[in-house]
Amino acid sequence: MPSLIHGSRSFSAWSGRTLVLGVTGAGDAAVVAAADLPRATAKHLAGVVPVLEVSTKVGDTTTLAAVPGVSADKVVLVGLGEGEGGSDPLRRAAGAAVRAAGKGSVALSLPHADEAGLAAIAEGAFSGAYAFTAHKSAAPTAEDREITVFSGLGRKDSPKDVIARAETVARNVAWARDLVNTAPNLLYPQSFTEQVQQVAKASSGKLTVEVLDDEALVAGGFGGIVGVGQGSSRPPRIVTLSYAPRSKKVPHVALVGKGITFDTGGVCIKPSAGMTTMKSDMAGAAAVAATVVAAAELGLPIAVTGYLCLAENMPGGNAQRPGDVVTMRNGTTVEIIDTDAEGRMVLADGMALAAEAGPDQIVDVATLTGACVVALGPKIFGVMGNDDALRTAITVASERADEASWPLPLPADLRSGLDSAVADIAHKGDRWGGALTAGLFLQEFAKDSSGEQIPWAHLDIAGPSFNEGAPWGHVPKGGTGVAVGTLLEHLTSLG
């Protein structure tokens, strides 16, 4: 696991493996964006940059050896764009540069004007060092890799504290990625539960864990998640992971995560190509777990309860069928239309349970619909909700976290598509507006016992939760840990 260090000396005197510097501008005007370059270094780079036609595109890298005036073995120049500024280029550039640096220690001296910029560099650098090797038979020995971040911010900006916070955030994002990347024969509802228990026990944060096993779920009337999990030999769980500061007069936010540890589609089975990434169908629960742990370790002045709705959707002999009617935790009866639309069923039970605690807000996170990916592509998640202010707050938080999102509506005229002749509601509408009708279904469960709506937002992360392509910027191949940053930014703004 990498460690982040605040650089206290001049970056030119740093004597590790790789020094990262930024380049900005366009074409022949490209310049190295670093203050206090030694004269010999500045002269050398001024000659090399135009000759090599060094790219300033954000995240593009050029590696140089034997650079005079610096003690590092090599220098990686990383593009920062044409001077557009902001923290997003810094985060992506830092991640790409650390990945390009390869093994060994690395130091970054990238220009930033404030704490947000420094945090982006630190989080991006940690993210760029991420690798998942747990299943490799000849996995390399874990390297305690040092990442040094140089900053010109003064003591009043507490750069050491900023970097320490960034490491806490990035470490928990890495845990969410690990959960998503773990093979589904090794990560299933019970083993996921045990991981959460172990992490909570080892955490420096004040965390409590409660588990509802399959017998408790049946006895508690959780028909949605019980129905989804009944086709598997590995029964479902709902894990409640809670953090609360000492003060009782703080907002309470409930986070509900979809945790389908593998999704075959059930008896409405997916084609084989559609299952290749379905170990990632628990990315919402992973994001929620990581967020609660990070909130506790950061000591945020806000109460957070995570509900991890864990099940495996399999076509076993006792599997749920289209046409079944189940009774949810809140008493609503639901007609099952398509067993491959299982995520909303486990979420609805989790939301109903969350509502019983009387939170100020409910936010659910789920790899819910392919329709959202069709609408927004693989890098943007959709945000829906019954409260405009909360929906806007989530999109603002996602922008600060450099996790692209887009608000989507919940049109009232689509609600009739969920009408059922045999139950209170059908769990799926027709193909048109599939992401929206899924949101409309979930909206029915964001209510208190009197039927009053609780402010609620729904994050459909089906696109960006798993990167099937090559790494880019600070984002690795495989599990991305998306939504952890957004949720932490949102919780911080409330606190």
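Colleague: What percentage of the 495 residues in the protein do buried residues make up?

Modeller: This is a predicted model. Buried here means under 20% relative accessible area. Of the 495 residues, the share that is buried comes to 57%.

Colleague: What radius of gyration does the protein have, and what would a compact globule have?

Modeller: The C-alpha atoms fill a box of roughly 80 × 50 × 45 Å along the principal axes. For 495 residues, a compact globule would have a radius of gyration near 23 Å. The protein agrees with that, at 24 Å.

Colleague: How many helices and strands does the protein have?

Modeller: Both kinds of element are present. The count is 13 helices and 20 strands.

Colleague: Among contacts between residues at least 6 apart in sequence, what percentage join residues at least 24 apart?

Modeller: A contact needs heavy atoms within 4.5 Å. Take the contacts between residues at least 6 apart in sequence. The part joining residues at least 24 apart is 76%.

Colleague: How many residues of H9 are buried?

Modeller: Helix H9 covers residues 343–355. Its first and last C-alpha atoms are 18 Å apart, close to the 18 Å expected at 1.5 Å a residue. H9 is mostly covered, and its buried residues number 13 of 13.

Colleague: Is Gly343 buried or exposed?

Modeller: Gly343 lies in helix H9. Its relative accessibility is 3%. The cut-off for buried is under 20%. Gly343 therefore counts as buried.

Colleague: Which residues is Gly343 in contact with, leaving aside neighbours within four places in sequence?

Modeller: Gly473 is 130 residues from Gly343 along the chain, and their C-alpha atoms are separated by 30 Å. With neighbours within four places set aside, the contacts of Gly343 are Lys258 and Leu368.

Colleague: Why is Thr168 counted as buried?

Modeller: Thr168 is found in helix H4, residues 159–181. Beyond four places in sequence, Thr168 touches Ala294, Glu297 and Leu298. Buried requires under 20% relative accessible area. Thr168 is buried because its value is 12%.

Colleague: Where does Val250 lie?

Modeller: Beyond four places in sequence, Val250 touches Pro245, Pro301, Ile302, Ala303 and Asp360. Asp144 is 106 residues away in sequence and 38 Å away in space, C-alpha to C-alpha. Val250 sits in the loop between strand E9 (237–243) and strand E10 (252–263).

Colleague: How many Å apart are the mean positions of the positive and negative charges?

Modeller: The protein has 39 positive and 51 negative charges. Their mean positions are separated by 7 Å.

Note on methods: Residues numbered from 1 in each chain as written. Predicted model: local features only at pLDDT ≥ 70, side-chain atom pairs only at ≥ 80, totals over all residues. Heavy atoms only, no water. Helix = DSSP H or I, 4+ residues; strand = E, 2+ residues; numbered from the N terminus. Expected span 1.5 Å × (residues − 1). Buried < 20%, exposed > 50% of the residue type's maximum accessible area, 1.4 Å probe, protein only. Rg over C-alpha atoms; globule rule 2.2 N^0.38 Å. Lys, Arg positive; Asp, Glu negative; His and termini not counted. Charge placed at Lys NZ, Arg CZ, Asp CG, Glu CD.
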